[in-house]
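Take a look at the structure shown here. This report goes through some of its parts one by one.

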Amino acid sequence: MRARWSWEYSAAQFGMDAPPLGEKCHVATPSGPWHPTADGPNPPLEGRELKHRRIPKRRVAIAGAGIAALVATGVTLQSAHAAPGEPQPETLSAGAAGKLAHTLTATLKGDTAGSYYDAKAKKLVVNVVDKAVVDQVREAGAEAKVVKYTLAELGKARQTLKEKATIPGTSWSVDPRTNKVVVTADSTVKGARKATLDKVTDALGDKVEVKRSAGKFSTFIAGGDAIWGDGGRCSLGFNVVKDGEPYFLTAGHCTEAISSWSDSQGGSEIGTNAGSEFPGNDYGLVKYTSDTDHPSEVDLYNGSTQAISKAGDATVGQTVTRSGSTTQVHDGEVTGLDATVNYQEGSVSGLIQTNVCAEPGDSGGALFAGDTALGLTSGGSGDCSSGGETFFQPVPEALQAFGAEIG
């Protein structure tokens, strides 16, 4: 048996009776969205059966494509498309676009203002604030767009938000396609909190765009294949190796709540925590303590798996896939990088923002693109019926923090 890596907080943490296997750990609210801290009964998992398989004996790898630091601005004041006879943007994969973006950012430095991948046209779009570098971007094989704000200017806006508007239920990230800092406020931001947020964002002018979310930002306790601890379930993200020994990554809010893990509810221990960070970041490391198989793959919930061979960074515009034990497999797009989310438990920064849906029980699970591991499910708002935002802890950062690697 391989364990499906996914988990949910213990119901006791949220003031509820522990849900039996086969039930979601979330609560419907009068307005429709769910959150894992509400009081009340847990609705059934609508016939879904949570399977628990052992983790085979190879290690899971992690992968990715794109450059988080490159993506930051976007709205075009002037589109610098190539005229007839001039260099045309090259057709690129998301991975190749990320590498090119990294190269151009390192070369042009302050003359670039972020970049993103146009998946439909299969091209890299690089934002610039200086028309003099348009030709360099074109010659490198990307499309250049002239925008209003530099990354430094948008960075100052983010800093202002951090200092004056770190309010639970808010998030922000730089959108390279709009050349703005997009601020999202969930349904809990009202009254004095909303007044404070409005005052700060109004002062920032057109550097900022404010959106509302009907749900509530909360950590998603779950992931790919299910892993269990005392009173709770989470998801294993990716298997890794440290000092020649097998470990796995999951969300930090999972390892902050549970220290010993099993591949079945009430089963024998397969691993114990070796490292954890939340809030601030959202990653945890668990060391295998039993002879448990740990393959380099992600469960696709259709009888097959996706092999994982490397870890990488996401790119705005990139198509990605998430696997979790509550809602299984869903696709979507990366909408922002280096995002900050202000959960009730504290702020987490440096996250990948997506429009992929998720629900409680999906925390810690795998975000990937092909054979590349990108992120660990952290939290968000909404569900897989109405949609919403979901945020992911980048895998490369977690690997570096723990001195681990894919193997």
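## The model and a covered strand

This is a predicted model. Start with strand β25, which spans residues 372-380. The strand is mostly covered. Nine of its nine residues are buried.

In general, side chains in a regular strand alternate between the two faces of the sheet.

## Antiparallel partners of β25

Strand β24 covers residues 366-369. Four bridges pair β24 with β25 in the antiparallel sense. Ala 366 sits opposite Leu 376 of β25. Together, β24 and β25 make a hairpin, with two residues between the strands. Look at Gly 370 in the turn: its phi is positive, at about 60°.

Strand β26, residues 390-394, also runs antiparallel to β25. Five bridges join these two strands. Here Phe 391 in β26 faces Gly 379 as its opposite residue. Strand β10, residues 218-219, is joined to β25 by two bridges, again antiparallel. Thr 219 has Gly 379 in β25 as its bridge partner.

## A parallel partner

Which way does strand β20 pair with β25, parallel or antiparallel? The two strands pair in the parallel sense. Two bridges link β25 to β20, which is made of residues 310-311. Ala 311 stands opposite Ala 373 of β25.

## Nonpolar cores

The largest nonpolar core has 18 residues. Phe 238, Val 240, Leu 249 and Leu 399 touch the most other members. Several elements each supply at least two residues of this core, including β24, β25 and β13 (238-242). Also among them are β14 (245-250), β17 (283-288) and α6 (395-402). Helix α6 gives the most, with four residues.

There is a second, separate core of 17 residues. Among its members are Leu 92, Ala 94, Leu 100 and Leu 104. As a general point, nonpolar side chains in soluble globular proteins tend to be buried together.

## Val 189 in its loop

Where is Val 189? It lies in the loop between β8 (180-185) and α4 (192-204). Is Val 189 buried or exposed? Val 189 counts as buried because its relative accessibility is 0%, and the cut-off for buried is under 20%.

Now look at what Val 189 touches. Beyond its neighbours within four places in sequence, Val 189 is in contact with Pro 168, Gly 169 and Thr 170, and also with Lys 194, Leu 197 and Arg 212. Ser 213 is 24 residues away from Val 189 along the chain. The C-alpha atoms of these two residues are 9.7 Å apart.

Note on methods. Residues numbered from 1 in each chain as written. Predicted model: local features only at pLDDT ≥ 70, side-chain atom pairs only at ≥ 80, totals over all residues. Heavy atoms only, no water. Buried < 20%, exposed > 50% of the residue type's maximum accessible area, 1.4 Å probe, protein only. Contact = heavy atoms within 4.5 Å. Pairing = 2+ DSSP bridges. Core = buried A, V, L, I, M, F, W, Y, C linked by side-chain atoms within 4.5 Å.
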